[in-house]
Amino acid sequence: MTSFDTSPQLNVWRALLALAVVFVMLATTGWTAVRGHRGSTALQASLSAWEHGRLHGHRLPDPDAAPALLTRFFASLGAQDRARLAHRYPLAVGNMNGAPVRLRYQANRIALDQARKVELKRMHDSRLTPAGQQDAGRRMHRFTALMAKDRHILAFDPEGSGRVAEVFGDLTKAERVSVVVPGVDTDLFTFRKTYRPYSAPYGMAKSLYTAERTASPGTRTAVIAWADYTAPSGLGVDAATAMRAEDGAQRLNKMLGGLPGRSPVALFCHSYGSVVCGLAAHELPHRVTDIAVAASPGMRVRKASHLRTDAHVWAMRDATDWIRDVPYMELGGLGHGADPVSDAFGARVLSAQEAEGHAGYFEPGTDSLTNFAEIGVGSYESVRCAHDNDGCRAGLSATTTAGRA
């Protein structure tokens with residue numbers, strides 16, 4: 001006899017409930033995707049200047065060219081010419097996939113300083129309201145913090161709420177690379193938090209980097225806190241659709257295609273970030289060996305095999321995470337599909353013991369963080385499965401990373 005929990009009638013009611021929720025959001029918030037066309041941004045202006053620029057009388061390559069072509073272009077230049085381009089077109093070079101990593105750091109430091117000076121002037125602009133001047137001060141202080149000598153900014157866009165990506169470790173020499181892909185309410189100003197630090201991309205990535213070094217002290221690792229896409233703001237219509245994730249997936253794959261070296265890469269995708277990773281999966285570079293999702297509302301497919309990737313797909317969810325109560329379905333573009341921790345989905349389900357709530361997966365001392373770290377260093381034999389068996393490790397060799405203690 002079919003239980004009510006899996007009956008067609010209940011699925012219909014869930015669909016109706018999901019539609020009702022969407023209609024309420026539309027009535028109260030409006031389609032957040034419908035916005036007026038904005039003028040040229042600072043990043044667009046820098047890219048346009050690059051496109052019209054020349055070096056020693058020669059035109060510069062297309063800034064959106066294949067990363068390999070751009071890598072060859074920069075490799076053909078001397079240090080002085082590379083520095084000259086970073087100073088002339090800081091935002092363009094700082095966000096250019098294929099440009100040398102250290103040159104991107106240098107260019108983004110210049111771009112941050114320029115953005116900081118703009119906000120410093122706005123702080124004292126009498127034409128602004130006190131609230132506007134206060135916002136300028138907040139932006140100025142955030143840009144200043146990102147310029148600290150010990151910070152390595154791989155991408156930066158000051159427009160609006162901003163975008164940013166930061167690297168922990170030496171990306172050019174890393175034997176293993178991890179990328180943290182965050183979810184809703186992520187921007188330049190929520191990138192790092194003092195309160196609940198491990199719920200923000202900076203804290204997530206730093207915590208993972210520390211855990212990976214503990215798991216394998218002899219392995220050179222690097223972790224990227226990747227907040228370089230426009231995430232949905234709040235749990236509105238944007239969060240219920242894939243619009244933001246589609247753009248994010250394209251940006252993610254472009255970034256991955258521009259990473260130096262050939263070291264294995266693992267993606268750690270939290271909440272709506274797992275939608276981004278799901279849409280990116282079929283075009284991921286072959287060096288991406290793992291996709292691990294936590295607190296996922298779905299990956300826009302019914303089964304892990306439908307992601308069309310050779311990467312291992314891992315999933316976890318703690319027992320106190322509210323995401324478990326969302327309707328796991330996709331109807332007319334609304335919702336994100338099947339539950340990644342369900343048996344039918346077919347992911348390798350990991351333990352998340354000690355993690356609490358929707359944002360606790362990167363907290364030190366949790367199974368979730370330990371499992372992420374073991375995946376990050378390639379130590380699959382050490383992960384802890386969600387169930388009391390070895391099911392999540394089935395079919396995997398006892399891989400250890402070179403230099404693992």
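These legends walk through several close-up views of a predicted model. Because the model is predicted, local features need pLDDT of at least 70 and side-chain atom pairs count only at pLDDT 80 or more, while totals for chains, interfaces and linings use all residues. Residues are numbered from 1 along each chain as its sequence is written, and side-chain values use heavy atoms, with hydrogens and water left out.

View 1. The labels are DSSP runs numbered from the N terminus: helices (H or I) have at least four residues and strands (E) at least two. Two strands count as paired if DSSP finds at least two bridges between them.

**View 2. Strand E5 and its two partners.** E5 pairs in the parallel sense with E6 (residues 221-227) over five bridges, and Ser178 stands opposite Val223 in E6. To get from E5 to E6, the chain passes through H8, and this β-α-β crossover is right-handed (with the strands pointing away from the viewer, the path from the first strand over the helix to the second runs clockwise). E7 (residues 265-270) also runs parallel to E5, joined to it by five bridges; look for Val177 opposite Val265.

View 3. Six of the six residues of E5 are buried, so the strand is largely enclosed by the rest of the structure. Buried means under 20% relative accessible area, exposed over 50%, and partly exposed in between (1.4 Å probe, protein chains only). Arg176, Ser178 and Val180 point one way, while Val177, Val179 and Val181 point the other. In a regular strand the side chains alternate between the two faces of the sheet. Val179 has a relative accessible area of 0%. Leaving aside neighbours within four places in sequence, its contacts (heavy atoms within 4.5 Å) include Ile224, Trp226, Leu252 and Phe268. Leu208 is 29 residues from Val179 in sequence, yet their C-alpha atoms are 9.7 Å apart.

View 4. Ser199 sits in the loop between E5 (176-181) and H8 (201-215). Ser199 is buried, with a relative accessible area of 16%. A polar atom of the Ser199 side chain lies 2.7 Å from the backbone oxygen of Arg196. Setting aside neighbours within four places in sequence, Ser199 touches Lys193, Met204 and Ala359.

View 5. E7 and E8 (residues 288-294) pair in the parallel sense over six bridges, with Cys269 opposite Val293 in E8. Next, E8 and E9 are parallel over five bridges, and Ala294 stands opposite Met316. E9 (residues 312-316) is mostly covered, with four of its five residues buried. Two bridges pair E9 with E10 in the parallel sense, and Ala315 has Val349 as its bridge partner.

**View 6. Helix H2 and its buried side.** Leu43, Ser46 and Trp50 are the buried residues of H2 (residues 42-51). They cover an arc of only 65° around the axis, which puts them on the same side of H2; the arc is that of the directions from the helix axis to the C-beta atoms. Packed against these buried residues are H3 (67-75), H4 (79-88), H5 (90-94), E3 (152-157) and E4 (163-169).

Key: A polar contact is a pair of N or O atoms within 3.5 Å; within protein, one must be able to donate a hydrogen and the other to accept it, and residues adjacent in sequence count only if both atoms are side-chain atoms.
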